[in-house]
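Colleague: Hi, I'm new to this one. Could you walk me through it?

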Amino acid sequence: MPIRRFGGHRSLVAHSQVPKLSYGYAKSNMSRSGYRVFSANSSTACTELARQITERLGVELGRSVVYQESNSETRVEVKESVRGQDIFIIQTIPRDVNTAVMELLVMAYALKTSCAKNIIGVIPYFPYSKQCKMRKRGSIVCKLLASMLSKAGLTHIITMDLHQKEIQGFFNFPVDNLRASPFLIQYIQEEIPDYRNAIIVAKSPSAAKRAQSYAERLRLGLAVMHGEAHHSESDMADGRQSPPLSRTTTGHTGLELPLMMAKEKPPITVVGDVGGRIAIIVDDIIDDVEDFVAAAEILKERGAYKIYIMATHGLLSAEAPRLIEESAIDEVVVTNTVPHEVQKLQCPKIKTVDVSMILAEAIRRIHNGESMAYLFRNIAVDD
């Protein structure tokens with residue numbers, strides 16, 4: 001036991017009794033869980049998914065203000081300390097895609113300059129994912145967005161059902177591409193009466209692998225639609241015709257390549273028997289619904305007595321709710337990766353499957369350094 005002298009008097013003080021220095025702000029600045037969850041949306045409707053995720057995690061949503069100034073500039077104010085913590089930014093993408101992207105970038109940069117340890121973006125529907133290939137004299141916008149997110153400070157992304165899995169290669173940090181198929185398959189098994197009499201339908205050959213994965217896990221048959229109602233992305237001209245089709249030259253004419261015949265799609269056909277069956281069309285995104293409505297009419301003509309559409313991301317732009325309501329489609333089932341409450345009010349055929357459970361579990365596992373393999377169990381490569 002040490003002997004200490006105070007004002008000429010000796011005193012015996014045990015080590016355990018010596019008070020330790022502490023700073024009042026040390027505990028208040030650190031979350032008990034060691035991480036924070038923020039929403040980068042300025043729209044109230046878009047924060048619903050963030051609220052559901054934080055309820056499942058048992059944490060409060062981080063305090064921040066995101067708004068648009070009078071000149072439409074985005075401003076973000078973080079109202080609490082994030083120093084040294086793992087920060088998860090939940091950003092759902094409404095119809096105003098560009099505003100949502102800017103909100104995410106500004107929020108990430110604000111957290112980066114506030115000394116956050118890791119900044120993980122939870123972006124269930126990744127915007128611009130359809131612009132992941134070179135078209136004519138355009139650009140690969142998805143790659144540009146990936147670079148912008150990295151520059152803003154993101155160190156990891158959690159997303160769901162990317163339009164093309166190769167998009168993960170655009171990023172220079174980890175990307176966890178979760179799958180919604182287990183939730184949609186569960187909906188089919190529990191909510192569609194007599195689903196054993198159903199057949200899984202791919203509305204184009206490019207969607208056949210996804211449809212095959214559903215069919216194999218549900219032990220159902222498979223049908224594929226092909227024809228002029230669908231215009232595949234691969235059929236679009238990329239503007240790189242070399243040499244030109246016609247040219248005037250002097251001297252050596254160079255290599256003369258044979259002219260390719262233009263593609264001409266046959267009338268729409270269905271490969272597979274859908275007569276007397278429930279037809280379930282599966283896809284990753286449902287936005288403009290004209291192709292789905294045309295597919296439903298063909299399936300009805302071929303004898304299908306009910307038509308369901310299952311998709312992960314329900315963008316449902318423009319006149320989609322009205323077209324669905326007036327069509328032969330019986331039900332459209334989408335997840336809540338994109339807010340669509342207004343569309344549901346316009347069309348009661350639209351149903352929602354909640355995927356906040358898997359997003360919350362992904363956040364928990366990443367923060368705790370646990371394996372993500374459990375979230376991908378029994379998931380096929382083609383999902």
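Modeller: Happy to; we can go through the sheet, some helices and a few side chains. Keep in mind that this is a predicted model.

Colleague: Let's start with the sheet. In what order do the seven strands of the open sheet come?

Modeller: The order is 12-11-10-13-14-15-16, and the pairing is mixed.

Colleague: And which are the edge strands?

Modeller: Strand 12 (269-271) and strand 16 (350-353), each of which pairs on one side only. From one strand to the next, the twist averages 25 degrees.

Colleague: In what sense do strand 11 and strand 12 pair?

Modeller: Antiparallel: strand 11 (residues 221-226) is joined to strand 12 over three bridges. Met225, for instance, has Val270 in strand 12 as its bridge partner.

Colleague: Which strands does helix 6 touch?

Modeller: Helix 6 (residues 208-218) packs on the sheet and touches strand 10 (198-202), strand 11 and strand 13. The direction of helix 6 makes about 165 degrees with that of strand 10.

Colleague: What about helix 5, which strands does it lie across?

Modeller: Helix 5 (residues 181-191) lies across strand 13 (278-286), strand 14 (306-314), strand 15 (331-335) and strand 16. Relative to strand 14, helix 5 runs at about 155 degrees.

Colleague: Switching to helix pairs. At what angle do helix 3 and helix 4 pack?

Modeller: Helix 3 (residues 97-113) and helix 4 (residues 141-152) pack at about 25 degrees, and their axes are 8 Å apart. Angles under 35 degrees count as roughly parallel, so these two helices are roughly parallel to each other.

Colleague: Which residues meet there?

Modeller: From helix 3 there are Val101, Leu104, Leu105, Ala108, Tyr109 and Lys112; from helix 4, Leu145, Met148, Leu149, Lys151 and Ala152. Nine of the contact's residues are nonpolar, two are charged and none is polar.

Colleague: Which residues of helix 2 are buried?

Modeller: In helix 2 (residues 48-57), they are Leu49, Ala50, Gln52, Ile53, Thr54 and Leu57. These buried residues pack against strand 3 (35-39), strand 6 (86-90) and helix 10 (356-368). Just after helix 2 comes Gly58, with a positive phi of about 75 degrees.

Colleague: New topic: aromatics. How many aromatic pairs are there?

Modeller: Three aromatic pairs. In one of them, Phe126 and Phe171 have ring centres 5.5 Å apart and planes at 75 degrees, so the pair is edge-to-face.

Colleague: Where do Phe126 and Phe171 sit in the chain?

Modeller: Phe126 is in the loop between strand 7 (118-123) and helix 4, while Phe171 is in the loop between strand 8 (156-160) and strand 9 (175-178).

Colleague: How are the rings of Phe171 and Phe173 arranged, then?

Modeller: Their centres are 5.4 Å apart and their planes are at 55 degrees, so that pair is tilted. Phe126, Phe171 and Phe173 form one aromatic cluster.

Colleague: Is Phe126 buried or exposed?

Modeller: Buried, at 3% relative accessibility. Phe171 is buried too, at 11%, and Phe173 is buried at 10%.

Colleague: Last one: where does Gln168 lie?

Modeller: Gln168 is in the loop between strand 8 and strand 9, and at 29% relative accessibility it counts as partly exposed. Leaving aside neighbours within four places in sequence, Gln168 is in contact with Leu162, Val175 and Asn177. Gln168 and Lys143 are 25 residues apart in sequence, and their C-alpha atoms are 9.6 Å apart in space.

Terms used. Residues numbered from 1 in each chain as written. Predicted model: local features only at pLDDT ≥ 70, side-chain atom pairs only at ≥ 80, totals over all residues. Heavy atoms only, no water. Axes fitted to C-alpha atoms, helices over the stretch in contact; angles between N-to-C directions. Helix = DSSP H or I, 4+ residues; strand = E, 2+ residues; numbered from the N terminus. Parallel < 35°, antiparallel > 145°, perpendicular 65-115°, else oblique. Contact = heavy atoms within 4.5 Å. Nonpolar A, V, L, I, M, F, W, Y, C, P; charged D, E, K, R; others polar. Pairing = 2+ DSSP bridges. Buried < 20%, exposed > 50% of the residue type's maximum accessible area, 1.4 Å probe, protein only. Phe/Tyr/Trp six-rings, centres within 6.5 Å; stacked < 30°, edge-to-face > 60°.
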